[in-house]
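I open this notebook to record what I looked up in the structure. The entries are grouped by topic.

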Amino acid sequence: MSQYRWVGYLQFSRQVDQSTGTQVVQHGDENELEPGEAHLLGMLAHRGPQARGCLPETVPELRLFDWGHASHLLSIYVTMDIVQVDTIRIPDKKKSCRGWRALGGGGLLHVRGGEGLDILDFRVELKEEVAGIPTAGPGREAEEALGSGAPRVRRRLECRGTVQGVGFRPAVYRLATGLELAGWVRNHPHGVTIEIEGSRDTLDRFARELPGALIPPANLEATETIEIAATGETEFRVSESEAAGSAIGSLPADTAVCEACRSDMERAGDRRRHYPFTTCSQCGPRFSLVHHLPYDRARTSMACFPLCPHCEKEYRDPMDRRFHAEPLCCPACGPRLRLLDAEGRETEVDEAAAFERPDVPILAAVRRALEGGAIVAVKGIGGFQLACRADRTQPVRHLRARKRRPSKPFAVMVRDIGVAHELVRLTPADEVLLLSGKAPILLAPKKADVQDAIAPALDDLGVMLPTTPLHVELFREASYDRLVMTSGNVSDEPICCGNREAVGRLSDIAELILCHDRDVVRRLDDSVARSAPPGDSAAPFVVRRSRGWVPLTLPLPEKAAGPILALGGHLQTTACLALENQAIPSQHVGDLDNDGARRFLREAAEGLEELYQTRAEYFAIDAHPDYPSTWIGEAWATERGVPLVRFQHHLAHAAATLAEHGVFPQPDEEAAAIILDGTGYGPDGTAWGGEWLWLSGRLEWRRLTHLELFPLLGGEKAVREPWRVLVALLAGTPEEELLPRLPVAELVAPRNLEIVASLAERSDWPKASGAGRLFEAAGALLGLAATNQYEGEAAARLESLATRSAPVDPWPESAVVRTGAVPQLSTALLLRAAAQRLVHGEAPAAVARGIHETFCRDVEVVTESVVPDGVRHIAFGGGCLVNRLLRQRLAERIAAAGYTPLLPQEVPPGDGGISYGQAVLASVGLARETAPSQIV
């Protein structure tokens with residue numbers, strides 16, 4: 001390597017005048033100049049360098065060319081021996097230098113970015129060859145190292161976090177070569193290892209600048225650094241991955257197509273123009289196509305697609321944004337679309353049009369079918385989705401009938417964010433999430449022009465943007481701008497992921513099946529988030545954690561003593577793998593009501609073991625003896641001969657929220673929790689669901705109080721038919737006489753109301769304290785739903801009705817009662833007060849709002865009475881915390897009472913978070929050599 005000394009640097013910025021499109025070249029003193037080579041050369045000659053150093057007597061020739069707005073490609077040629085880039089900053093895009101390379105007697109700098117890259121700041125550092133001076137990196141640190149003859153140092157960096165499949169190694173390569181450091185970087189099952197060699201000051205600089213050189217979704221969570229013996233290596237390289245050993249989470253989630261790839265898809269002459277599998281290091285499938293870590297193409301379903309020469313060049317070039325993008329492909333070498341009819345037969349397409357790009361006529365045929373009202377099964381990132389026009393009633397009704405989904409809301413995919421704004425009210429935080437790589441379905445308040453058939457009787461609509469290039473192409477030049485996009489299954493079954501599976505299971509629903517020949521390794525539904533309440537600056541919170549979030553890790557309060565698999569509950573089920581200091585929840589599995597869903601739970605759990613090349617040494621399950629997840633865990637633990645631990649349902653909810661916020665109590669600490677859901681197994685034989693819990697760091701816990709018990713008339717029928725709970729709560733009170741005058745009598749025959757009320761006198765009915773049952777019964781009282789067609793339907797409709805009312809004060813009647821010294825909240829008193837208001841003519845929306853406000857006021861009263869002194873953190877959990885109004889008002893009241901409320905944010909409030917709570921409790925119990933112990 002040649003030897004140089006530093007002689008100065010030049011600083012520039014380029015800015016685009018958005019009003020005229022004119023490019024303005026600026027020097028460091030911000031003198032504006034018209035773009036063009038002559039002006040720029042003159043500026044260099046007259047202004048000279050800034051800050052430190054000086055140029056040689058002769059100002060170097062500098063040529064600027066190919067400066068196009070679309071590609072933002074900047075090339076610099078200098079007639080000295082080298083051009084060294086110190087930093088490139090793009091403030092509004094948070095991007096960084098893509099590096100430099102020497103070419104003969106000069107240097108060539110390529111800067112690439114996506115559409116709309118409006119500001120580019122850069123600094124060019126110049127150096128000239130000098131005999132007898134050792135090489136070092138740029139800047140003042142390097143200058144000092146050159147003068148002192150500092151010895152070379154070598155360090156090994158073990159990097160943890162989201163560091164595979166996200167352009168991490170290219171970023172390391174660019175930074176290291178830009179600083180003239182030697183060594184290598186490679187993937188391994190635990191993350192990424194970097195060995196790097198140079199002067200101590202330059203290595204320190206590398207460590208400081210590495211986090212800022214990364215492009216999301218890359219995330220460097222931790223780095224362990226040790227010094228090792230220098231080898232005298234002179235170059236930096238990207239090494240082959242190390243495949244041996246178990247892995248720790250470092251894989252990113254599947255992410256939506258990025259803006260740079262969308263620009264490629266739009267650019268005339270680009271070989272990926274309109275290509276439905278366009279991807280790069282910053283976007284596309286990851287979790288859904290990888291078999292196990294480390295993340296390399298050979299371990300993905302792309303292994304059977306050999307790269308063409310063009311893609312091979314991009315894949316091997318550390319300066320390219322597609323460097324080691326494992327799903328990389330183009331029309332010449334990538335997956336191919338196929339269009340099948342409902343019987344699985346290949347459809348005919350225009351052979352002339354299909355000769356070069358068969359996907360073009362196929363997509364045109366699909367768009368025509370959708371425009372005509374057809375239902376099409378579309379193979380997305382993690383499996384099949386069912387699509388139809390969302391702006392026509394008939395296709396939506398057909399989809400409901402065929403999918404056997406009478407009233408559960410559908411999500412709508414829209415062409416762009418502008419259409420989303422037409423359909424729902426979005427906060428800035430909502431828009432950021434929709435446009436992010438996570439790109440979930442977002443539940444937000446809908447506007448009036450949305451068809452009722454899509455989300456019947458609800459004020460929220462689930463909207464999403466195109467998540468894959470294939471989705472982008474479905475909207476290209478189409479007459480529609482919105483499509484219903486729902487899971488490719490019959491309701492309550494797992495999503496289809498294989499082509500043959502789709503033909504077998506979806507042929508009675510879809511007229512056409514749009515598939516391709518890239519396998520889905522892991523079936524993966526869309527994630528669901530919900531916007532924060534109006535006026536609340538909080539980010540949307542996760543309702544269903546799947547694509548975009550899985551397999552991102554969650555924290556554990558204690559390092560797991562060995563791999564732990566937690567298997568969740570019965571509804572909205574997930575699995576969770578605890579591995580060292582991380583918990584990795586699986587994708588959404590769903591309700592375990594059928595054999596297919598139960599097989600999927602084991603598939604998802606085994607998939608986590610396969611991905612991270614580990615084997616569970618402990619299993620954690622719910623304490624309910626009759627949950628299918630319990631049976632699966634018991635059988636699995638017996639097969640392997642490993643320990644099995646059981647945890648109370650609501651204790652797991654509490655643990656999940658406390659751990660997410662990093663405040664799970666230490667051995668000498670305490671916390672409290674308020675868990676509000678429908679049903680969870682109680683150690684006393686009742687169905688819990690409205691619970692105040694106390695928990696110590698020694699895993700001692702106590703039920704402080706609960707909602708007043710009520711009978712479930714008809715047992716499980718009362719869960720599906722909330723009118724039965726309403727009748728049970730009003731039976732034997734003066735309000736029982738009001739039942740024929742209440743809106744529920746329009747949905748249930750008065751004779752049936754009378755019969756069920758008479759059965760309330762029996763004492764052998766199961767007893768429950770579920771808050772979910774309360775809000776569903778209130779929904780029945782108001783005539784919103786007598787029978788739930790999906791979980792929590794009556795409660796969801798009640799919330800929507802409540803949001804249509806102006807704010808109301810809590811009712812003067814308190815529902816707090818005392819059984820001895822312990823206060824409880826009486827669901828019967830609350831519903832009796834609501835019935836009286838309805839029959840006296842109060843507006844239903846105001847009554848619905850009053851139920852919410854009074855409940856939250858009474859929760860505050862009970863909390864202040866039962867939570868021990870000194871406990872300040874109160875965790876919330878349970879499916880009722882999906883309710884936006886409850887979430888907001890409970891947090892406000894608990895905070896006003898002097899506590900710190902903790903709400904689930906990245907973990908689903910409902911039973912989708914149970915497996916994480918189980919993993920937390922198991923890890924803590926093993927680490928602290930204790931087990932949960934209930935204090936009665």
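**Entry 1: Asp595.** I looked up the exposure of Asp595 and found 49% relative accessibility, so Asp595 counts as partly exposed. The classes I use are buried for under 20% relative accessible area, exposed for over 50%, and partly exposed in between, with a 1.4 Å probe and protein chains only. Asp595 is found in helix H14 (residues 595–611). Helices here are DSSP runs of H or I with at least four residues, strands are runs of E with at least two, and both are numbered from the N terminus. I also noted that Asp595 and Pro494 are 101 residues apart in sequence, with 10.0 Å between their C-alpha atoms.

**Entry 2: basis of the values.** The model is predicted, so I note that local features need pLDDT of at least 70 and side-chain atom pairs count only at pLDDT 80 or more, while totals for chains, interfaces and linings use all residues. Residues are numbered from 1 along each chain as its sequence is written, and side-chain values use heavy atoms, with hydrogens and water left out.

**Entry 3: whole protein.** I recorded 25 helices and 40 strands. Of the 936 residues, 61% count as buried. Contact means heavy atoms within 4.5 Å; among contacts between residues at least 6 apart in sequence, 72% join residues at least 24 apart.

**Entry 4: Thr278.** Is Thr278 buried or exposed? Thr278 counts as buried because its relative accessibility is 2%. I located Thr278 in the loop between helix H5 (259–266) and helix H6 (309–316). Leaving aside residues up to four places away in sequence, Thr278 touches Cys261, Met265, Arg272, Arg322 and Pro469. The side chain of Thr278 also reaches the backbone oxygen of Tyr275 at 2.9 Å.

**Entry 5: cysteines.** How many disulfides are there? With a disulfide taken as a pair of cysteine sulfur atoms within 2.5 Å, the count comes to 0. Cys280 is in no disulfide, and the nearest cysteine sulfur, that of Cys258, is 3.6 Å away. Cys280 counts as buried, at 0% relative accessibility. I found Cys880 buried as well, at 10%.

**Entry 6: sheet of 10 strands.** This open sheet has mixed pairing and the order S15-S22-S16-S17-S21-S18-S20-S19-S23-S24. Two strands pair if DSSP finds at least two bridges between them. Strand S15 (337–341) and strand S24 (541–544) stand at the edges with a single partner strand each, so one side of each is left without a neighbour in the sheet. Neighbouring strands of this sheet are turned by 35° against each other on average, direction ignored. S15 and strand S22 (residues 512–516) run antiparallel and are joined by 5 bridges; Asp341 stands opposite Leu512 in S22. Helix H24 (residues 884–896) lies across strands including S19 (441–445) and S24, running at about 75° to S19.

**Entry 7: sheet of 6 strands.** This sheet is also open and mixed, in the order S25-S28-S27-S26-S29-S30. Its edges are strand S25 (554–555) and strand S30 (644–647); each has a single partner strand, so one side of each is left without a neighbour in the sheet. Strand S26 (residues 564–566) and strand S29 (residues 618–622) run parallel, joined by 3 bridges. Leu565 stands opposite Phe619 in S29. Helix H15 (residues 628–640) lies across S26, S29 and S30, at about 160° to S29.

Terms used. Polar contact = N/O pair within 3.5 Å; in protein donor to acceptor, adjacent residues only side chain to side chain. Axes fitted to C-alpha atoms, helices over the stretch in contact; angles between N-to-C directions.
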